[in-house]
Every structure is written in C-alpha cells, then in structure tokens.
Amino acid sequence: MAGVFMISTSTVVIYTGIAPRWMAGIGYALAALVLLNSFYLSSSIMVRPI
C-alpha cells in the first residue's frame, strides 16, 4: 500500500510540477524497492514513505 501511494504521489508531482522531476524519480525508485522487497522480507511491509 505504501508503494502504491508513493507511485501516485510521484505521478502527481510530475504532472503538476510542484517539485523537481528528480524527486519524483527517487519516489518511483523507492516505491519499486518497497514493492519488490515486500515479497522477500516480511519486515519491509512496515516501511512507510518518508
């Protein structure tokens, strides 16, 4: 759920331009990390967006 929230927030950042695009890129990368690691590490489910 946290990863999906990060993806949607990063998409809003890109479309509205309220923050630099590189921040949205970091958001996508961290969201992918959260989504992929949740399959391998059960403790990573507790990670929340910063």
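Trp22, Met23, Ile26, Leu30 and Leu33 form a nonpolar surface patch with about 510 Å² of accessible area together (patches comprise residues with over 30% relative accessible area and no salt bridge, nonpolar side chains such as these being joined within 5 Å and like charges within 9 Å; a salt bridge is a side-chain nitrogen of Lys or Arg within 4 Å of a carboxyl oxygen of Asp or Glu; areas follow the Shrake-Rupley method with a 1.4 Å probe). The model is predicted, local features requiring pLDDT of at least 70 and side-chain atom pairs pLDDT 80 or more, whereas totals for chains, interfaces and linings use all residues. Residues are numbered from 1 along each chain, and side-chain values use heavy atoms, without hydrogens or water.

Met23 is partly exposed, at 42% relative accessible area, and Ile26 is partly exposed at 42% (buried denotes under 20%, exposed over 50%, partly exposed in between). The C-alpha atoms of Met23 and Val13 are 8.3 Å apart, with a sequence separation of 10 residues.

The chain contains 2 helices and 0 strands, and buried residues account for 20% of its 50 residues. Helix H1 (residues 2-16) reaches 21 Å between its first and last C-alpha, close to the 21 Å expected (1.5 Å times one less than the number of residues). Its buried residues are Ala2, Gly3, Met6, Ser10 and Val13. These fall within an arc of 95° down the axis of H1, so they line one face (directions are taken from the axis to the C-beta atoms). The face turned away carries the exposed residues Val4, Phe5 and Tyr15.

Conventions
Buried means under 20% relative accessible area, exposed over 50%, partly exposed in between (1.4 Å probe, protein chains only). Helices (H or I, at least four residues) and strands (E, at least two) are DSSP runs, numbered from the N terminus.
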